[in-house]
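Open the model in your viewer and keep the selection tool at hand. We will go stop by stop.

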Amino acid sequence: MPDSRILLVSGFRKRLGEGEVLTSALYKMFGTFGPIRQVRVGSSIETRGKAIVIFEYSDSAEAALLKLNQFNLGGTSVLRIS
């Protein structure tokens with residue numbers, strides 16, 4: 001059974017920054033929906049532009065998914081969340 005507290009986020013490219021700046025931006029953006037246990041940002045060629053956000057509670061993850069999926073970051077950058 002999949003863990004409903006975990007979200008896969010993609011589509012942000014460099015629009016939100018890189019490294020610690022990106023991690024901090026994701027904590028800030030997703031943290032408005034509830035406490036976050038962890039954010040992991042992809043760094044390899046295959047995972048660049050992707051992140052995993054793990055919430056403490058599944059209802060927080062569901063709220064973030066409903067609100068931020070297909071969120072336009074400007075230009076052609078659109079968040080995709082699953």
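The tour starts at a helix, then moves to salt bridges, a surface patch and a loop. Keep in mind that this is a predicted model.

**Stop 1: helix α1**

Select residues 19-31. This is helix α1, with 13 residues. From first C-alpha to last, α1 reaches 18 Å, close to the 18 Å expected at 1.5 Å a residue.

Now colour Leu22, Thr23, Leu26, Met29 and Phe30. These residues of α1 are buried. Why do they sit on the same side of α1? They cover an arc of only 130° around the axis, which puts them there.

What do the buried residues of α1 pack against? Show the strands β1 (6-10), β2 (36-41), β3 (50-55), β4 (72-74) and β6 (80-81), plus helix α2 (58-68). The buried residues of α1 pack against each of these elements.

**Stop 2: Thr23**

Stay in helix α1 and zoom in on Thr23. Is Thr23 buried or exposed? Its relative accessibility is 17%, and buried means under 20%, so Thr23 counts as buried. Leaving aside residues up to four places away in sequence, Thr23 touches Val39 and Val41.

**Stop 3: the salt bridges**

How many salt bridges does a search of the whole structure find? The search finds two.

Select Asp3 and Arg5 for one of them. Their side chains meet at 2.7 Å, N to O. Asp3 is partly exposed, at 34% relative accessibility.

Next, select Arg37 and Glu56. Here the side chains meet in a salt bridge at 3.2 Å, N to O. Arg37 is in strand β2 and Glu56 is in the loop between β3 and α2, so this pair ties together parts that are 19 residues apart in sequence. Both partners are partly exposed: Arg37 has a relative accessible area of 48%, and Glu56 is at 27% relative accessibility.

**Stop 4: a nonpolar patch**

Switch to a surface view and select Ile6, Leu8 and Ile52. Together they make a nonpolar surface patch of about 220 Å². Ile52 belongs to strand β3. With a relative accessible area of 33%, Ile52 is partly exposed.

**Stop 5: Gln70**

Finish in the loop between α2 and β4, where Gln70 lies. Check its backbone. Gln70 is not a glycine, yet its phi is positive, about 70°.

Key. Residues are numbered from 1 along each chain as its sequence is written. This is a predicted model: local features need pLDDT of at least 70, side-chain atom pairs count only at pLDDT 80 or more; totals for chains, interfaces and linings use all residues. Side-chain values use heavy atoms; hydrogens and water are left out. Helices (H or I, at least four residues) and strands (E, at least two) are DSSP runs, numbered from the N terminus. The expected span of a helix is 1.5 Å times one less than its number of residues. Buried means under 20% relative accessible area, exposed over 50%, partly exposed in between (1.4 Å probe, protein chains only). The arc is that of the directions from the helix axis to the C-beta atoms. Contact means heavy atoms within 4.5 Å. Patches are made of residues with over 30% relative accessible area and no salt bridge: like charges are joined within 9 Å, nonpolar side chains (Val, Leu, Ile, Met, Phe, Trp, Tyr) within 5 Å. Accessible areas come from the Shrake-Rupley method with a 1.4 Å probe; for residues, only the protein chains shown count as cover. A salt bridge is a side-chain nitrogen of Lys or Arg within 4 Å of a carboxyl oxygen of Asp or Glu.
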